[in-house]
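Please look over the protein chain below.

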Amino acid sequence: MIEIVFFLLASNTLTNAVSDRVDAPLLDNNNAPLVATLDLSNANKRVKEYVSEAMEKKMEALVKMKLEEVLTALNLEEDVKRYIDNVKTNLTVNITDDIKRITDAQILEKEPRRKDDRALSMCLGITGSNGQIRSVRRNCSSKTTCETICKGTDASLKCFNALHLYTNSVAHLYGYGGCSVTYCGPNYCCCHK
């Protein structure tokens, strides 16, 4: 049987590949020559199917492998894109926060000066005499009178009024009696020369 297969394969390679019939020389038990014509039409079809299936599986594996590589590359690009978007967002948030912080700090820094200007404007508006007018801050917890604060700034200054400025643009005038107040009330003293 092995000899037949060997001859068959050898004979098949020697015959026309287009033909579906193959003549195979055989020997019987007495070494008498025989010729067998084999119909390989189904065998050729089966070989073609086998090769086609093998190639298809191999191609599927290659395509799947390449597809996985492409998907991996796409995921990397997406990760990089997400990272860049994250950096942009954080940068924008940080810049916005920094601008707000700086602006708030500048407003707070100028607030006492604005309050000082408001106090001076009020003192100028309520004065009834000519001369030099000043508004001097008074620390509410100090218990020092506005009379003492005015003289401490310049010995020739006298207190003529006291006021309390609130942050919401409201003011309370104490009048001349406010100059001698020791409790926490006036936060500005109106002084004149």
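Are Cys146 and Cys189 buried or exposed? Both Cys146 and Cys189 are buried. Here buried means under 20% relative accessible area and exposed means over 50%, with partly exposed in between (1.4 Å probe, protein chains only).

This is a predicted model, in which local features need pLDDT of at least 70 and side-chain atom pairs count only at pLDDT 80 or more, while totals for chains, interfaces and linings use all residues. Residues are numbered from 1 along each chain as its sequence is written, and side-chain values use heavy atoms, with hydrogens and water left out.

**Disulfides**

A search of the whole structure turns up four disulfides. A disulfide is a pair of cysteine sulfur atoms within 2.5 Å. Three of these links are described here, among them Cys146 with Cys189.

| Pair | S to S distance | Torsion about S-S |
|---|---|---|
| Cys123 and Cys190 | 1.9 Å | about -75 degrees |
| Cys146 and Cys189 | 2.0 Å | about -75 degrees |
| Cys150 and Cys191 | 1.8 Å | -75 degrees |

The torsion of Cys123 and Cys190 is about -75 degrees, so this disulfide is left-handed. Cys123 lies in helix H2 and Cys190 in strand S6 (residues 188–192), so the pair ties together parts 67 residues apart in sequence. Helices (H or I, at least four residues) and strands (E, at least two) are DSSP runs, numbered from the N terminus. Cys123 and Cys190 are each buried.

The disulfide of Cys146 and Cys189 is left-handed because its S-S torsion is about -75 degrees. This pair links distant parts of the chain: Cys146 sits in helix H3 (residues 146–153) and Cys189 in strand S6, 43 residues apart.

The link of Cys150 and Cys191 is left-handed, with -75 degrees about the S-S bond. Cys150 is in helix H3 and Cys191 in strand S6, so parts 41 residues apart in sequence are tied together. Cys150 is buried, and Cys191 is too.

**Fold**

How many helices and strands does the chain have? There are three helices and six strands. Along the sequence they follow the pattern α-β-β-α-β-α-β-β-β.

Strand S1 (residues 21–27) and strand S2 (residues 33–39) pair in the antiparallel sense over seven bridges. Two strands pair if DSSP finds at least two bridges between them. Val22 stands opposite Leu38 in S2. The hairpin of S1 and S2 has five residues between the strands. In this hairpin, Asn31 takes a positive phi near 65 degrees.

Contacts are heavy atoms within 4.5 Å. Among contacts between residues at least 6 apart in sequence, 52% join residues at least 24 apart.

**Surface**

Buried residues make up 20% of the 193 residues in the chain. The chain exposes about 14,500 Å², and carbon and sulfur atoms supply 59% of that area. Accessible areas come from the Shrake-Rupley method with a 1.4 Å probe; for residues, only the protein chains shown count as cover.

Which residues form a nonpolar patch on the surface? Val47, Tyr50, Val51 and Met55 do, with about 420 Å² of accessible area together. Patches are made of residues with over 30% relative accessible area and no salt bridge; like charges are joined within 9 Å and nonpolar side chains (Val, Leu, Ile, Met, Phe, Trp, Tyr) within 5 Å. A salt bridge is a side-chain nitrogen of Lys or Arg within 4 Å of a carboxyl oxygen of Asp or Glu. Tyr50 is found in helix H2 (residues 41–126). Tyr50 counts as exposed because its relative accessibility is 55%.
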